[in-house]
Structure formats: structure tokens, C-alpha cells
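This report walks through a single protein chain.

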Amino acid sequence: MDDWSTLIGELEQNTPEKVWIIREKLNISEVFEIQKLEAHFILVLEGVLRMENEHQQILHYFRKNNVIYQSPYELRVQNKLRLVAETPAHIVLLHREFFLNYATNQPAYSEKLVRAIMDNAASFMFELMKNDLKSEDRLAYSLQQLCQSLELEVKNEFYLLPHYINKNKLALYSDISRKSLYKYLQNLERKGQIKMNGNQILVRISRFTNSENVDWL
């Protein structure tokens with residue numbers, strides 16, 4: 001299964017309780033009611049959501065077919081995290097217990113969930129690694145992570161950062177000040193690693209390899 005549409009349709013037909021499979025649409029900047037994650041996990045069907053902490057630092061981006069599984073209530077961080085729609089988004093809330101019981105007879109569904117959770121865990125791990133870098137290197141690493149984790153448009157030899165990742169969001173994601181951001185962007189442009197066109201930032205594809213998360217500093 002390349003996407004989750006078949007699975008979702010099957011679950012909707014077989015659920016004994018309609019509230020166990022809930023479709024929601026979020027508008028730009030709409031905050032998801034995180035208490036719903038106490039009994040459900042999220043599948044992103046369309047759009048992009050960002051996870052941020054209480055200080056508005058952006059921790060992670062979720063895109064189409066990503067799963068948000070771990071309950072913040074189990075981690076006791078429900079008051080410290082927010083999920084916000086970065087773009088118009090379409091999500092499905094899947095009841096944890098119902099899905100796991102259903103998947104016991106559908107090994108492919110269990111495998112799909114496990115792979116999605118592992119992908120998220122790997123992304124979080126690589127994002128945590130940037131915290132050990134110096135500020136300018138952290139910005140470069142953040143750009144690399146965004147290019148690898150989001151489905152970005154390609155133009156000539158560059159990845160185009162989406163419009164919703166403006167300079168303010170990039171600073172929040174990289175955990176650097178706006179003042180430092182401008183200086184570091186200019187440095188990266190001089191090195192030929194990025195190109196700036198007004199508010200648009202383009203990241204050179206040739207700086208990447210086929211291996212994921214290879215340092216290109």
C-alpha cells in the first residue's frame with residue numbers, strides 16, 4: 001500500500017463506533033486539540049503540520065502519510081507541545097485500541113504502522129543532532145533536514161523551500177535569532193549552498209548525496 005486510503009476506507013466500514021475513525025480538516029494556523037491524542041493517533045492525509053513547544057520553537061514538521069502516534073499524555077508533555085496546521089490540512093484520527101486489535105488480523109497494517117513510527121523516530125533523531133552544532137552549522141543542517149523530510153519542489157539545481165517556511169519559521173526551527181539568521185544565510189549564499197530570491201530560499205541539490213543525512217557543511 002503506497003498510501004493509507006484503502007486502509008482508512010476499510011476501517012470506516014468496519015468500525016463499531018464512528019467516533020473511533022474521525023476525519024478533520026484544519027485551516028492555516030489552526031491549532032489541533034491535542035487532548036484528542038489521548039485515545040487516538042493521527043494520520044496526515046493532506047497538508048503539513050508543525051509541532052512546536054511552549055516557547056514556539058518548531059520541533060518537527062509532519063506531511064502527507066506521516067503518523068503522529070505517541071500520546072503526549074503518556075509522555076506528560078500535553079501542556080508543553082502544540083500541533084499547528086502550517087497549510088490547510090486533512091487528517092484522520094484513528095482509535096489506538098481499535099486499530100491495534102484490527103491490525104492483529106491484518107499483518108500488513110501492523111507493518112505499515114510500525115514503519116511509519118520508525119520513520120518518525122528516525123526524523124526526530126536526526127533533528128536532535130542539530131542541537132550539538134554551532135549556530136551557522138545548525139542552520140545549514142536544518143535546511144538539509146527540511147529538504148529531505150518535505151516533498152519540495154525542484155527548480156533547476158535547487159530545492160525550493162515552501163512559502164510557509166519564511167525566515168521567522170526558519171529561525172524558530174533552527175533555534176537561532178533572526179539577527180543571526182540573516183548573517184548566516186548570507187554566509188551560506190557566499191559558499192554557494194543556497195540562493196536567495198527576495199523572501200524565497202533555494203537550497204542547492206548538488207550538496208546532497210543519495211545517503212540520507214550526510215553532512216554537506
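## Burial and the model

Buried means under 20% relative accessible area, exposed means over 50%, and partly exposed lies in between. K169 has a relative accessible area of 15%, so K169 is buried. The model is a predicted one.

The largest nonpolar core holds 25 residues. Y61, L139, L143, L146, L161, I165 and L170 touch the most other members. Five elements each supply at least two residues of this core: β4 (58-62), α5 (135-149), α6 (167-174), α7 (178-190) and β11 (200-204). The largest share, five residues, comes from α5.

I165 shows how the contacts run. Setting aside residues up to four places away in sequence, I165 touches Y61, L146, L150 and L170. A second core is separate and has 18 residues. Its members include I8, L11, I21 and L43.

## Helix packing around α5

Two packed helices are described by the angle between their axes and the distance between the axes. Start with α5 and α7. Their axes come within 10 Å and cross at roughly 70°. Angles of 65 to 115 degrees count as roughly perpendicular, and α5 and α7 are therefore roughly perpendicular to each other. The crossing of α5 past α7 is right-handed. On the α5 side, S135, E136, L139, A140 and L143 make the contact.

Next comes α6. The axes of α5 and α6 are 9 Å apart, and the helices pack at an angle of about 105°. This pair is therefore also roughly perpendicular: α5 to α6. From α5, the residues that meet α6 are R138, L139, S142, L143, Q145 and L146. Their partners in α6 are L170, Y173 and S174.

## Salt bridges

How many salt bridges are there by the rule used here? The count comes to ten. R50, E52, R82, E86 and K169 are linked in a network of salt bridges.

E86 forms a salt bridge with K169, and here the closest N and O atoms are 2.5 Å apart. This pair links distant parts of the chain, 83 residues apart. E86 sits in the loop between β6 (81-85) and β7 (89-95), while K169 sits in helix α6. Is E86 buried or exposed? E86 has a relative accessible area of 6%, so E86 is buried.

The side chains of K191 and E136 also meet in a salt bridge, at 3.4 Å from N to O. K191 lies in the loop between α7 and β10 (194-197), and E136 lies in helix α5, so the pair ties together parts that are 55 residues apart in sequence. K191 is partly exposed, with a relative accessible area of 48%. E136 is buried, with a relative accessible area of 18%.

## E52 and its surroundings

E52 belongs to strand β3 (residues 49-53). Its relative accessibility is 2%, so E52 counts as buried. Apart from neighbours within four places in sequence, E52 is in contact with Q57, I58, L59, K80, L81, R82 and V84. R82 is also part of the salt-bridge network that includes E52.

A103 lies elsewhere. E52 and A103 are 51 residues apart in sequence. In space, their C-alpha atoms are 31 Å apart.

## Two asparagines with positive phi

Most residues other than glycine have a negative phi. N65 has a positive phi, near 75°. N65 lies in the loop between β4 and β5 (67-68). Its relative accessible area is 25%, so N65 is partly exposed.

N156 has a positive phi too, near 55°. Where does N156 lie? N156 is in the loop between β8 (153-155) and β9 (158-160). With a relative accessible area of 71%, N156 is exposed.

Key:
Residues numbered from 1 in each chain as written. Predicted model: local features only at pLDDT ≥ 70, side-chain atom pairs only at ≥ 80, totals over all residues. Heavy atoms only, no water. Core = buried A, V, L, I, M, F, W, Y, C linked by side-chain atoms within 4.5 Å. Buried < 20%, exposed > 50% of the residue type's maximum accessible area, 1.4 Å probe, protein only. Helix = DSSP H or I, 4+ residues; strand = E, 2+ residues; numbered from the N terminus. Contact = heavy atoms within 4.5 Å. Salt bridge = Lys/Arg side-chain N within 4 Å of Asp/Glu carboxyl O. Axes fitted to C-alpha atoms, helices over the stretch in contact; angles between N-to-C directions. Parallel < 35°, antiparallel > 145°, perpendicular 65-115°, else oblique. Left-handed = near helix turned anticlockwise from the far one by under 90°.
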